[in-house]
Structure formats: structure tokens, C-alpha cells
Amino acid sequence: DLRGLSIRLQMSNTFYESAGQNWFNLDNVYIHYNWTHEAAFNATDVYAPSTNSYHCQHVSSLQKYDTLLVPSANTDHAASWHITFTDFQIQAFNVQSSKFAAASDCATFFTPAILMGLITSLILLLVLAYALHMVVHLKHIDRYEENKTTVYFPRSTENYIYISKLFVYISHY
């Protein structure tokens, strides 16, 4: 029976000089059930510029969804609650025309797939650079032959006769 369930969000708005603008934070999430059971969760990782909204596919107390809701105290009843907001979007300040502003998404830039793609690309670039380095430093075979001295055999009939006798001598064996 969810008729006795009440969820309260506590948010703050802070000006950061380094960013030069206001940012809102979702500080706490309070759950009341039949006004007897209360659970409090810290949600300090849910923040966005005040001019934007915040969007996340899962805001949860479960570890499989990157725990964004942490029980505020061990003595609290929050440990017995598991909360997951699916397709969560919130905007606390500067709401105009009852629509969300541009969303600041919780997804990180370096997801495991993107990180593995970058590492693979880096390895391939290193292999390509090494191959190009090897091709550039190849020596042409003619360069080695230019430095060799040529052997000159003078053409005289005496050498031909001597050689022909040598062949005859070898052929008799």
C-alpha cells in the first residue's frame, strides 16, 4: 500500500566563484511511510548548474546503478530501504514555462566502452608509427653496391688458354 508513502527532496543553491554561476545540489532524500518509518539518504553527487536541469537514467541506493543515494546514518532505517528512481530528471530553480531546461546528464565521458576504444586506437597508432618509422629508415640496395670495387680481368689469350686447360684437367677425373 503506497498511499502512506511520502518522498521529500531537500535541495540547496550555491554560487561558485570558480564556475561563475549558481549550482543546485540535491542534499538529501527523505522517505516517510505512514509517518512512522523514516529513512534519510545523502545525495551529494546529484548536482547541476541552476540554469539547467539534472538528468540521470538511474538514481539509486543500489550499488549496481552507481550508488548516488547513500544512507545518511547507520542507525537510520535507510539500510532496510532500496530506492531507485528511473529516468530521473529534476530542476529546482529558474523553471520557465513549466518545462525542463537543457539537462546536465550524470553519464561520465569515459565509459568503459569509450575508454577501451581510446586505448585500442592508441595501440593501433603506435603500431602504425613504428611501421612508418621502419619504412622511412629502409636503405636502398643500390647504396651498398655503389661502394664495392669492381674486379677487372684483363682480356688476354694466355688467361683463356690457362682456363681452358684447367677445365680439361677437371673433366678427366
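Strands here are DSSP runs of at least two residues, numbered from the N terminus, and two of them pair if DSSP finds at least two bridges between them. You are looking at a predicted model, in which local features need pLDDT of at least 70 and side-chain atom pairs count only at pLDDT 80 or more, while totals for chains, interfaces and linings use all residues. Residues are numbered from 1 along each chain as its sequence is written, and side-chain values use heavy atoms, with hydrogens and water left out.

Zoom in on Asn 25, whose bridge partner in E4 is Tyr 47. Pick Gln 10 to find its bridge partner Asn 28 in E2. Four residues lie between the strands of this hairpin, where Gly 20 takes a positive phi near 75°.

Next, show the aromatic side chains: the whole structure has two aromatic pairs (ring centres within 6.5 Å, using the six-membered ring of Trp; planes under 30 degrees apart are stacked, over 60 edge-to-face, the rest tilted). Trp 23 and Tyr 47 have ring centres 6.1 Å apart and planes at 45°, so this pair is tilted. Trp 23 is in strand E2 (residues 21-33) and Tyr 47 in strand E4 (residues 47-49), so the pair ties together parts that are 24 residues apart in sequence. Phe 85 and Phe 88 make a tilted pair too, at 5.4 Å centre to centre and 35° between the planes.

Colour by accessibility now. Tyr 47 is partly exposed at 41% relative accessible area, while Phe 85 is buried at 18% and Phe 88 is buried at 9% (buried is under 20%, exposed over 50%, partly exposed in between, with a 1.4 Å probe and protein chains only).

Move on to strand E5 (residues 53-60): six of its eight residues are buried, so the strand is largely enclosed by the rest of the structure. E5 pairs with strand E7 (residues 84-90) in the antiparallel sense over six bridges, with His 58 opposite Thr 86. Three bridges also join E5 to strand E8 (residues 103-105), and these two run parallel; look for Ser 53 opposite Ala 103.
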